[in-house]
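Morning, everyone. I have one model to walk through today.

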Amino acid sequence: MKSTHEIFATIKSTQLLDDAHAYIHAAKYFDALHCINTYLLLEPADVKGFLLKGLCYLYTDQAAKARFMFDLALEHNSDNEEAYYCYAELYKLEMNYEAATTYINAAMACGPESAKYLRFAAELSLLQEDYEQAFQLINRAIVTNPFREDVYYWRALILIRLQRPAVAINDLNRAISLNPTYADAYRLRASLHMQQGNIDTGLADIKLAQRHDSLNRLARRNAA
């Protein structure tokens, strides 16, 4: 049975992780680092802490430090799919899409199909202009989890490259139905409507995108 001190430490460390996630979501990476460093004092060998710290370094242009933390995570758990995913993110930001693809494939090999990893793989294929491969991957992501709004947004982007704007609008409608505050989906749908000559509809979507951008920024500030 855990002592009161052990229970308190567990609760505190969980809160630190939650706070770190919120700060990262709000792009407050130095605040997130403070939480993670404190967390690692309580949990010095925890892979989640290594990865979050690495992401903070990555998003503050400290790639060498990010690599060190991701390597540390893999040393502790060589089958950790999130570590491979983080490395894929690093190489994507460096525009080394071939290396990023290698690492996201490694992440997907560690367990059952994940919509998150399949969507990322589809993005990499899109960036490499392999639109058919991107379409296959994003369809697998949707089958894996049909309730993630981002997979429909990304399929819409791919459908645009495949010259299927009407179907892309349907996917954006689906994304917005799942997340009515999805500003990027409104913005992309506005562009498609205006290309089709539906100017008033497009302008209405632009206003919605701007409104939700403001509300989302406020929500992120309040959460952090």
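Ground rules before that. This is a predicted model, where local features need pLDDT of at least 70, side-chain atom pairs count only at pLDDT 80 or more, and totals for chains, interfaces and linings use all residues. Residues are numbered from 1 along each chain as its sequence is written, and side-chain values use heavy atoms, with hydrogens and water left out.

Salt bridges, then. How many salt bridges does the structure hold? There are 13. The criterion is a side-chain nitrogen of Lys or Arg within 4 Å of a carboxyl oxygen of Asp or Glu. As background, side chains of opposite charge can pair when their charged atoms come close.

Start with arginine 119. Its salt-bridge partner is glutamate 123, with the closest N and O atoms 3.1 Å apart. Both sit in helix H7, residues 115–127. Helices here are DSSP runs (H or I, at least four residues), numbered from the N terminus.

Is arginine 119 buried or exposed? Arginine 119 is buried, at a relative accessible area of 10%. Glutamate 123 is buried too, at 8%. Cut-offs: buried is under 20% relative accessible area, exposed is over 50%, and partly exposed is in between, with a 1.4 Å probe and protein chains only. The areas come from the Shrake-Rupley method with a 1.4 Å probe, and for residues only the protein chains shown count as cover.

This pair belongs to a network. Salt bridges link Glu89, Lys92, Arg119, Glu123, Arg148 and Asp150. Now the contacts of arginine 119, where contact means heavy atoms within 4.5 Å. Leaving aside neighbours within four places in sequence, arginine 119 contacts Ile138, Ala141, Asp150, Val151 and Trp154.

Next pair. Aspartate 171 and arginine 155 form a salt bridge at 2.6 Å, N to O. This one links distant parts of the chain: aspartate 171 is in helix H10 (residues 165–178), arginine 155 is in helix H9 (residues 149–161), and they are 16 residues apart. Aspartate 171 and arginine 155 are both buried.

Lysine 48 and aspartate 46 meet in a salt bridge at 3.3 Å, N to O. Lysine 48 is partly exposed at 46% relative accessibility, whereas aspartate 46 is buried at 17%.

On to the core. The largest nonpolar core has 73 residues. A core is a set of buried Ala, Val, Leu, Ile, Met, Phe, Trp, Tyr and Cys residues joined through side-chain atoms within 4.5 Å. Which residues have the most contacts inside it? Those are Phe70, Ile104 and Tyr153. Beyond four places in sequence, phenylalanine 70 contacts Leu51, Gly54, Leu55, Ala83, Cys86, Tyr87 and Leu90.

Now leucine 74, in helix H4 (residues 63–76). Leucine 74 is buried at 16%. Not counting residues up to four places away, leucine 74 touches Asn80, Ala83, Tyr84 and Tyr87. Leucine 74 and tyrosine 84 are ten residues apart along the chain, with 8.2 Å between their C-alpha atoms.

Last stop, the surface. Met194, Ile199 and Leu203 make a nonpolar patch of about 230 Å². Patch residues have over 30% relative accessible area and no salt bridge; like charges are joined within 9 Å, nonpolar side chains (Val, Leu, Ile, Met, Phe, Trp, Tyr) within 5 Å. Isoleucine 199 lies in helix H12, residues 199–223. At 40% relative accessibility, isoleucine 199 is partly exposed.

Note on methods. Helices (H or I, at least four residues) and strands (E, at least two) are DSSP runs, numbered from the N terminus.
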